[in-house]
Each structure stands twice: as C-alpha cells, then as structure tokens.
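Here is a short briefing to read alongside the model. Take a look at the sequence and the fold first, and then we can go through the parts one by one.

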Amino acid sequence: MRGAIPLCVLLHASSVLCGAEQPRGNHTWCEGSGACYSVHLAQVPFGRAQEACALRGGALSTASGQAEVRAILALLRVVAAGPGSWVFWLGLVRRAPQCTQVDRPLRGFSWLAGTQQALQGEPEELDKWVKEPSRSCTTRRCAGLQVTAGRQDLEPWGWRERTCKNSTTQGYVCKYPYNGTCPAPRPQGARSLLFSLPYQLHSAALDFSPPGTELVVACPGPQGDVRLRCELGQGGYSWTGAGEQLCPCPSGYRSPSTGACLEPGDCTSAQGAFLCVCAQGFLLGADKKSCVRPGHAGGSARAAPPPTLSAGGTLPSSSSGAPPPPSSPQPSTAGEVKSSSSPTYVFILVATAVVTVVILVGAVLGVFKLCFMKSPSSASQEGKEPAPAAASERDAEATSTSSENSLKARGDAAERLPGEPSPEEEAPPGN
C-alpha cells in the first residue's frame, strides 16, 4: 500500500502533463525585469490548469495592472487564431467565506498570489467584466480572461466567472517569477536559434530569457552548433560559453531585418540599390555598395591581399582572363599611395638583382671552364712540333763549324812557307 502512494502521485502528474492536458499549442514570453509567461491551449478545469503550471515551476498568472494585461493579451493574440470568444484560466478566485463585493473592481475576487495585490490595491482599469459575477458567499468561484479572437487588441475583453470544478476553458496562462533575465544574443550569421527554457518549453525567438535557459545557436561553416546558458555572474545575468564573436559572417554582408549572412550578389536590387548591412568586422566601401575590412579600399571584401586598385575601387581586369600587366603605383580611393618603396616592391628588386648576379657568375664560370679544357691539348701539340726545328738548328751549327774549320785550315796552309812542314807532319809519331 505504501508503494502505491508514490505511484499514484506519479500517475496523477503524468495525467496532468501528458494525458488530460495535451496542449495543442503554447507560446512564451519574458520581460526584462524577470517575469515570464506561457499560454497553453487545453480544455481543462481550473484545478488541472493550476497543477500544470505548478509542475512547470510556476503558477496561474496574475494580471495586477494594465501593463501585465497587455503582456498577456499579446500572448493570447498569437494562439487565439479562430474567431469567436476564448476564455483562459488565470489565478483569479473568490474563496468560500468571501462574498461578492460589487463596489470593487474585482468584485471580491483575488489573485492566488494575493500578497502584492493587498499592498497595491486594485487598479480601476481592472474593472472590466464581460458579465457580472453571481452574488454568493458560500461557494468557491473562479474567473478567467475572455477575449474576442480575430479583432484588434482582442477587444472586447474582460473577466468571466466560471465554476472551478466542472467548467473548462480553451486554455490557461502560467507565470514564472525570476530576479532577472539574459538579453537575447544577436548572432549575425546564425541559421537558427533554439531556446530551451527551465519551465519545459522551447522557443525560436525570445528577447529575454530566464536563468537556466539553454540556447543552441546553429552557425554555418566549421563552427557548427554553439551551446550557451543563461547564468548569474558578477556583472549580472549573461550567456556563458559565448566567444568574442558568435557566428561571424565570412562574406561580410548580412540582412538588415533577420541578421542572416548573405552573399554579395544577394545585396543589390534590380535598380542597383544596396540592400544589405555590413557585418561585424567590415565597413562600407567607398562605392557604397560593398563591405570591406578596415584598411582596404572600396571594392570586393573577398580580396585578401591589398593589390593596387583602380580609380573605381575594383581590380583591373582583361577580357582574356589573363592577369593584368604591372602598372605604375597609383593612389587608392581611400587616399593611400601605393609607392615603389613598399617592402614588397623592394623585396622583388633585391630578388631580381640576386638572380641576375647568379646567372652572370654561372656564365663566367662556364667560359673559364671551356678555356681550361682547351689549354692541355694545345700544349701537347706545341711540345711535339719544336723537335724538327731543333734538329735542323743542330745541323746548321755543325755545317757552320765544319765550314769554319776548312777555311781556317786553308788560311794556315797559305801562311806557311814552301817547304815548311805542317803541324801534323811535325808531330812525332804516336805511340
């Protein structure tokens, strides 16, 4: 028996959220001050609506002033689509001992969270009943907000008395009090946003989110999905997990209405008007029709290096598609002069000079190599040719010597007297 009690409680809670309630549609909205509201379409009695709000962490909503009434009407305008009168439960009841008070705006009814109402009183603008409630002091009665769907501001609207147990309405409104909220981030290039609120609801668009809300931002490109969480920090409530720039636009162009990233071709109308705004990190170019990074002249934001730009702010082009010939430095449209003293130009000159020197040195070395290869062959030929010349020279010397000897012998013979013997004849015979 003891184990059956928790089971019964669990089955009762599931019947409230999953069985008996089965809301066909819901919508939520939060104020910057911290109050959040949700409206649910479900035909349930007052008690079931009260339990459903409690299981989500809230309570049936109050409408303690004109501002809160307008916030609730804005929610109901979204879900009350069909024509006719719609009634939604709010936390407005008249307890059994309390009697009907015709001289008060709420006729003796009070909000379930009635402490603040007792301090502030009942504003006169809440004196708006579609039908006057029955006068009684013995039975507990509940009241809802009746609106007219399909009309501006849901007029006429007002309070409508119902029995608490047997009556049902088209839906109910819950309220969730918080001490603060996180302003919604505005990622420029996000494909979609999904807010998962702590009271078990999801939304694709919220201006403010309570603490505990988890946000999934679908970013294009490699960044993918980014998950954020609204938490209380030293500077107040803020999203944790967000970087310096969430979902940047690589193209530099985004829609002024949705903030989505666009391509440059989607930002010009048929008449030539510029329809986009520049994303974070980009500035409007000098041509007033392009988004460029700071420091770049007016032109295409896709140009990574800063080449020399023409007077119109665009890169020079040719009909053949070949790269344009180098031109003399010209002032850009932003007033910056592209002079030849730039580091890039100096580097090109130095590189050209080095290559030229290398080529010249190689040519000189080649000439010397050819010369050295020719010299040994010439020397060998010259060493062989002088031999005949030397032989002839020796023959000439021998001939000259023999001639001189013969002439000398003749002279000596002429000088000797007749009958005088020659030196050979005077010499004694050899041994």
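A residue counts as buried when its relative accessible area is under 20%. W239, with a relative accessible area of 14%, is therefore buried. Please keep in mind that this is a predicted model.

**Strand β4 and its neighbours**

- Strand β4 spans residues 84–94 and is mostly covered, with nine of its eleven residues buried.
- Nine bridges pair β4 with strand β6 (residues 141–149) in the antiparallel sense. V93 has C142 of β6 standing opposite.
- With strand β8 (residues 171–176), β4 runs parallel, and two bridges join them. Here W89 has Y172 as its bridge partner in β8.
- Strand β5 (residues 110–111) is antiparallel to β4 and is joined to β4 by two bridges. V93 turns up again, this time with S110 of β5 as its bridge partner.

**Helix α3**

- Helix α3 covers residues 66–79, which makes 14 residues. From its first C-alpha to its last it reaches 20 Å, close to the 20 Å expected at 1.5 Å a residue.
- Which residues of α3 are buried? They are E68, V69, A71, I72, L73, L75, L76 and V79.
- The buried residues of α3 pack against β4, β6 and β8, and also against β1 (26–30) and β2 (36–41).
- In an α-helix there are 3.6 residues a turn, so residues three or four places apart point the same way.

**R107, a buried arginine**

- R107 sits in the loop between β4 and β5.
- Is R107 buried or exposed? Its relative accessibility is 7%, so R107 counts as buried.
- The R107 side chain reaches two backbone oxygens: that of R104 at 2.7 Å and that of P105 at 3.3 Å.
- Leaving aside residues up to four places away in sequence, R107 touches R94, C99, T100, Q101, V102, D127, W129, E132 and P133.

**Aromatic pairs**

- W111 and W159 form an edge-to-face pair, at 5.8 Å centre to centre and with 75 degrees between the planes.
- Why does this pair tie together parts that are 48 residues apart in sequence? W111 lies in strand β5 and W159 lies in strand β7 (residues 158–163), so the pair joins those two parts.
- W111 and W159 are both buried, and together with W157 they form one aromatic cluster.
- F195 and W239 form a tilted pair, at 6.3 Å centre to centre and with 55 degrees between the planes. This pair links distant parts of the chain, 44 residues apart: F195 is in strand β10 (residues 192–196) and W239 is in strand β15 (residues 236–240).
- F195 has a relative accessible area of 1%, so F195 is buried.

**Disulfides**

- C30 and C36 are joined by a disulfide with an S to S distance of 2.1 Å. Their link is right-handed, with 110 degrees about the S-S bond.
- Both ends are buried: C30 at 1% relative accessibility and C36 with a relative accessible area of 0%.
- A second disulfide joins C142 to C164, S to S 1.9 Å. The torsion about its S-S bond is about 110 degrees, so this disulfide is right-handed. The pair links distant parts of the chain, 22 residues apart, with C142 in strand β6 and C164 in the loop between β7 and β8.
- C142 is buried at 0% relative accessibility, and C164 is buried with a relative accessible area of 9%.
- Another disulfide joins C182 to C230, S to S 2.0 Å, and is right-handed with 85 degrees about the S-S bond. The pair links distant parts of the chain, 48 residues apart: C182 is in strand β9 (residues 182–183) and C230 is in strand β14 (residues 225–233).

**A three-stranded sheet**

- Three strands form an open sheet in the order β17-β16-β18, with antiparallel pairing. The edge strands, β17 (261–262) and β18 (277–278), each pair on one side only.
- Strand β16 (residues 253–254) pairs with β17 over two bridges, and R254 has C261 of β17 as its bridge partner.

Conventions
Residues numbered from 1 in each chain as written. Predicted model: local features only at pLDDT ≥ 70, side-chain atom pairs only at ≥ 80, totals over all residues. Heavy atoms only, no water. Buried < 20%, exposed > 50% of the residue type's maximum accessible area, 1.4 Å probe, protein only. Helix = DSSP H or I, 4+ residues; strand = E, 2+ residues; numbered from the N terminus. Pairing = 2+ DSSP bridges. Polar contact = N/O pair within 3.5 Å; in protein donor to acceptor, adjacent residues only side chain to side chain. Contact = heavy atoms within 4.5 Å. Expected span 1.5 Å × (residues − 1). Phe/Tyr/Trp six-rings, centres within 6.5 Å; stacked < 30°, edge-to-face > 60°. Disulfide = S-S within 2.5 Å.
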